[in-house]
Amino acid sequence: MLRILDFFIALFGLIFAFPFFILLFIIGLFDTGSPLFMQERVGRNKKPFTLVKFRTMSVDTASVASHLASTASITPFGGFLRKTKLDELPQLWNVLKGEMSLVGPRPGLFNQEELTQARDVKNVFAVRPGITGLAQVNEIDMSTPELLAETDAQMIATLNLKLYFIYILQTVTGSGSGDRVK
């Protein structure tokens with residue numbers, strides 16, 4: 001049921017927001033010269049997939065978890081994208097392809113071994129990663145791997161249709177600040 005919702009919401013979102021995507025893409029070209037950011041992430045069953053986002057940091061920024069990156073790397077336009085969470089919109093493509101869900105644990109990087117191990121113990125990789133979820137709306141990010149894995153497991157165990165829409169609504173209305181950057 002949730003996969004069908006994911007598919008249709010992502011499809012509608014991509015179609016509806018297409019002109020907006022073009023505008024953000026063009027502004028991103030002027031901001032960084034490379035408006036899309038693609039990075040290999042850990043997906044369902046620990047299968048790798050390429051996550052797509054709007055770029056918020058300068059092109060030469062090291063490919064690390066956000067909490068390990070410097071705030072100096074964030075461009076002014078990137079700061080706006082992060083604050084409004086518009087940098088996440090291209091992930092609707094990942095949702096449409098079935099690599100992600102709208103709601104699920106945020107996909108980590110393969111080099112985040114502590115997070116991967118903590119999630120493995122909690123069976124978090126049994127579900128598709130998501131754009132948002134319980135941890136994100138409660139400002140729990142990848143800098144606290146054990147707490148994040150526990151929160152992800154709690155969300156997976158309790159997720160239902162009502163909570164699915166609550167997490168989406170909380171994200172759209174600004175709950176949570178996203179991943180911290182030092």
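## Basis of the model

Helices and strands are DSSP runs numbered from the N terminus, a helix being a run of H or I with at least four residues and a strand a run of E with at least two. This is a predicted model, in which local features need pLDDT of at least 70 and side-chain atom pairs count only at pLDDT 80 or more, while totals for chains, interfaces and linings use all residues. Residues are numbered from 1 along each chain as its sequence is written, and side-chain values use heavy atoms, with hydrogens and water left out.

Residue T116 belongs to helix α5, which covers residues 113–121. T116 has a relative accessible area of 18% and is therefore buried; buried means under 20% relative accessible area, exposed means over 50%, and partly exposed lies in between (1.4 Å probe, protein chains only). Apart from neighbours within four places in sequence, T116 is in contact with K46, L109 and F125, where contact means heavy atoms within 4.5 Å.

K46 also forms a salt bridge with D120, at 2.7 Å from N to O. A salt bridge is a side-chain nitrogen of Lys or Arg within 4 Å of a carboxyl oxygen of Asp or Glu. This pair links distant parts of the chain, since K46 is in the loop between β1 and β2 and D120 is in helix α5, 74 residues apart. K46 is partly exposed at 34% relative accessibility, and D120 is partly exposed at 39%.

Strand β1 (residues 36–42) pairs with β2 in the antiparallel sense over seven bridges; two strands pair if DSSP finds at least two bridges between them. Within this pairing, M38 stands opposite V52 in β2. The two strands form a hairpin with five residues between them, and N45 in the turn has a positive phi of about 60°. Strand β2 (residues 48–54) is mostly covered, as five of its seven residues are buried.

## Further salt bridges

The count of salt bridges comes to seven. One of them joins D87 and K53, whose closest N and O atoms are 3.4 Å apart. D87 lies in the loop between α3 and α4 and K53 lies in strand β2, so the pair ties together parts 34 residues apart in sequence. Both D87 and K53 are buried. A network of salt bridges links K53, D87, E88 and R106.

## Nonpolar cores

A nonpolar core is a set of buried Ala, Val, Leu, Ile, Met, Phe, Trp, Tyr and Cys residues joined through side-chain atoms within 4.5 Å. The largest has 24 residues, and L102 and V103 have the most contacts inside it. Among the elements that give two or more residues to this core are α1 (2–16), β2, β3 (101–103) and α8 (161–172). A second, separate core of five residues includes L115, A135, M142 and L148.

## Surface features

F18, I22, F25, I26, L29 and F30 make a nonpolar surface patch of about 610 Å². Such patches consist of residues with over 30% relative accessible area and no salt bridge, with nonpolar side chains (Val, Leu, Ile, Met, Phe, Trp, Tyr) joined within 5 Å and like charges within 9 Å; accessible areas come from the Shrake-Rupley method with a 1.4 Å probe, and for residues only the protein chains shown count as cover. I26 is placed in helix α2 (residues 18–32) and is partly exposed at 41% relative accessibility.
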